[in-house]
Amino acid sequence: MEVIEEKEKGICPELPSRGDDVISNLPDSLISQMLSCLPTKEAVRTSVLSTRWKSLWILVPRLCLASHDFHDYSAFVSFVDKSLDLYIEENSCLHKLELVIRKDDNDQSCVTRWIDFVAKRKVKHVDVECILVNREFLEAVPLSLYTCESLLYLRLHRVSLCGSESVSLPCLKTMSLEQNIYADEAFLKSFISSCAVLEDLSIVRRDDDNVKALRVHCQTLTSLTLGFQPGDGHMLFHYFGREILELYIDSPRLKYLNFNDDVSKCQILSNLIISPSVKVNLGGVRYMSYYPDGVSFSNQQVARSFFTCISRVKDLVISETIMKLIDFCMKVEQLPQFFDLSCLEAKVCLVDMEMLPTLLASFPNLNSIVLELTRPTIVTEEIIAWSVPQCLLSTLEFVEIKCCCKAELVGMKLAEYFAENSVFLKKLVLRWRGYVLEEDSVLRDLLALSWRSSTCQIEVCGPLNKTCMMSL
């Protein structure tokens with residue numbers, strides 16, 4: 001009878017009353033999973049809820065903190081120290097340490113001991129970023145990190161790797177070394193090669209890092225990203241000129257090679273042998289050092305050597321800056337033939353558009369091309385008179401053109417060029433950002449062209465992401 005009355009009142013007897021603390025009655029394992037979804041500082045704040053919650057946040061096996069979230073650096077150091085002590089007291093695991101640290105030159109050192117703490121306790125993930133620390137105040141990586149057998153992921157930004165005779169990181173798969181100082185180039189080579197299962201490596205060099213020749217010898221490496229930042233005070237030639245910097249790669253399983261650098265100052269020597277299966281990404285090269293006479297590489301031989309090194313690849317991504325470099329090189333001599341190149345992605349400044357047919361002539365077996373047009377200052381009529389390279393007559397099947405604002409009409413002319421000259425074209429895609437063109441109208445204009453290919457799918461997409469498709 002009571003149950004019937006409770007149901008009539010809308011009360012379910014199985015549910016706890018509003019005053020009960022349901023979450024606190026959950027198992028510790030479930031609560032720790034819930035807390036792991038919060039930033040570390042928010043998880044710590046739950047410790048004031050009750051005695052039950054006082055140390056539950058320690059069950060979360062990660063510590064992710066930034067010094068700028070504290071009112072001063074001393075408070076940050078004190079908090080991290082106390083947190084690490086609590087992990088010992090509660091006998092909790094700490095699998096991930098992630099710290100962003102900004103301190104003045106006179107602030108106390110702490111990074112070395114924190115990394116040492118976690119390295120000795122089977123940490124799996126270490127990410128330490130020290131912001132704007134002068135070279136003479138960089139903190140040293142402890143020796144214990146070099147033999148951390150549990151480590152899977154390592155990122156170190158602006159620290160000192162002083163060297164160690166013993167390096168063994170048998171489980172490390174991902175490593176990012178950014179703007180660090182090394183004992184010497186022999187140590188860096190040994191450090192990389194001692195990572196027995198390393199797959200993904202990113203290195204951001206600095207001119208004062210004590211490494212002249214970067215040697216990457218790793219049999220398991222599949223992805224390599226290289227970048228460069230000036231040293232303290234932005235003195236580009238602080239210890240030695242970048243013209244003599246060298247790069248050697250011995251990684252037979254490499255699939256992706258990414259450059260985020262001013263390659264004009266760096267000798268990418270002929271010793272650099274790149275497998276055809278490697279995808280070379282030069283899309284991150286955003287600037288180039290120019291000289292008064294207009295020469296952007298220290299000499300033409302270095303430029304020729306660089307392009308010869310990558311001429312066997314099947315997949316290539318190039319930035320607008322690299323396109324300018326290629327334009328300069330082609331005024332002196334032809335590029336080497338990229339006989340194996342199948343896929344090309346390129347950003348093209350429209351003032352350099354006239355080089356496109358000559359460039360494509362170096363890619364006789366090109367199958368797919370994606371062009372992103374920038375800086376619209378070209379006369380569209382020039383495109384009509386272009387020569388027709390071999391790849392358009394024999395192999396090109398896919399073309400995608402991406403237009404910046406005010407480049408839509410050039411994009412249309414470029415689409416017309418490919419449509420009327422590509423014998424085996426299977427798909428053409430045209431995308432634009434401005435509101436000059438309307439999708440249905442563009443599609444009708446493209447269908448009205450004299451297509452060289454008998455069967456081709458056409459796709460157009462404007463700024464509202466309205467996609468229209470049609471087949472010949």
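Setting aside neighbours within four places in sequence, Ile 369 is in contact with Leu 344, Leu 360, Leu 396, Phe 398, Val 399 and Glu 400. Contact here means heavy atoms within 4.5 Å. This is a predicted model, so local features need pLDDT of at least 70 and side-chain atom pairs count only at pLDDT 80 or more, while totals for chains, interfaces and linings use all residues. Residues are numbered from 1 along each chain as its sequence is written, and side-chain values use heavy atoms, with hydrogens and water left out.

Ile 369 sits in strand S16. Helices (H or I, at least four residues) and strands (E, at least two) are DSSP runs, numbered from the N terminus. With a relative accessibility of 0%, Ile 369 counts as buried; the cut-offs are under 20% relative accessible area for buried, over 50% for exposed, and partly exposed in between, using a 1.4 Å probe and protein chains only. Ile 401 is 32 residues away from Ile 369 along the chain, yet 8.5 Å separates their C-alpha atoms.

Ser 368 is also part of S16, which covers residues 368–374. Buried or exposed? Ser 368 counts as buried, at 14% relative accessibility. If we skip residues up to four places away in sequence, Ser 368 touches Ser 342, Cys 343, Leu 344, Leu 396 and Phe 398.

## The whole protein

Stepping back, the secondary structure comes to 13 helices and 20 strands. The protein has 472 residues, and buried ones make up 50% of them. Now take the contacts with a separation of 6 or more: 70% of these are accounted for by residues 24 or more positions apart.

## Salt bridges

Side chains of opposite charge can pair when their charged atoms come close. A salt bridge here is a side-chain nitrogen of Lys or Arg within 4 Å of a carboxyl oxygen of Asp or Glu, and by this rule the count comes to 18. One of them joins the side chains of Asp 127 and Arg 155, with 2.8 Å from N to O. Asp 127 belongs to strand S3 (residues 125–131) and Arg 155 to strand S4 (residues 153–157), so this pair ties together parts that are 28 residues apart in sequence. Both Asp 127 and Arg 155 are buried. There is also a network of salt bridges, which links Asp 127, Glu 129, Arg 155 and Glu 178.

Another pair is Glu 459 and Lys 427, whose side chains meet in a salt bridge at 3.3 Å, N to O. Which parts of the chain does this pair link? Distant ones: Glu 459 is in strand S19 (residues 457–461) and Lys 427 in strand S18 (residues 427–432), 32 residues apart. Glu 459 is buried, at a relative accessible area of 9%, whereas Lys 427 counts as partly exposed, at 24% relative accessibility.

The side chains of Lys 413 and Glu 416 form a salt bridge too, at 4.0 Å from N to O. These two residues are 3 apart in helix H12 (residues 408–421), so about one helical turn separates them. Lys 413 is partly exposed, with a relative accessible area of 25%, while Glu 416 is buried at 19%.

## Two helices side by side

Helix H4 (residues 73–89) packs with helix H5 (residues 111–119) at an angle of about 20 degrees, their axes 12 Å apart. Axes are lines fitted to C-alpha atoms, for helices over the stretch in contact, and angles run from 0 to 180 degrees between N-to-C directions. That makes H4 roughly parallel to H5; angles under 35 degrees count that way, those over 145 as roughly antiparallel, 65 to 115 as roughly perpendicular and the rest as oblique. The H4 and H5 crossing is left-handed, meaning that the near helix is turned anticlockwise from the far one by less than a right angle (clockwise would be right-handed).

Which residues make the contact? H4 brings Phe 76, Val 77, Val 80, Asp 81, Leu 84 and Ile 88, and H5 brings Arg 113, Trp 114 and Phe 117. Sorted by class, the contact of H4 with H5 has 7 nonpolar, no polar and 2 charged residues. Nonpolar covers Ala, Val, Leu, Ile, Met, Phe, Trp, Tyr, Cys and Pro, charged covers Asp, Glu, Lys and Arg, and the others, Gly among them, are polar.

## Two positive phi values

Most residues other than glycine have a negative phi. Lys 122 has a positive one, near 60 degrees. Its place is the loop between H5 and S3, and Lys 122 is exposed, with a relative accessible area of 64%.

Arg 158 also has a positive phi, near 60 degrees. Arg 158 lies in the loop between S4 and strand S5 (160–161), and counts as buried at 10% relative accessibility.
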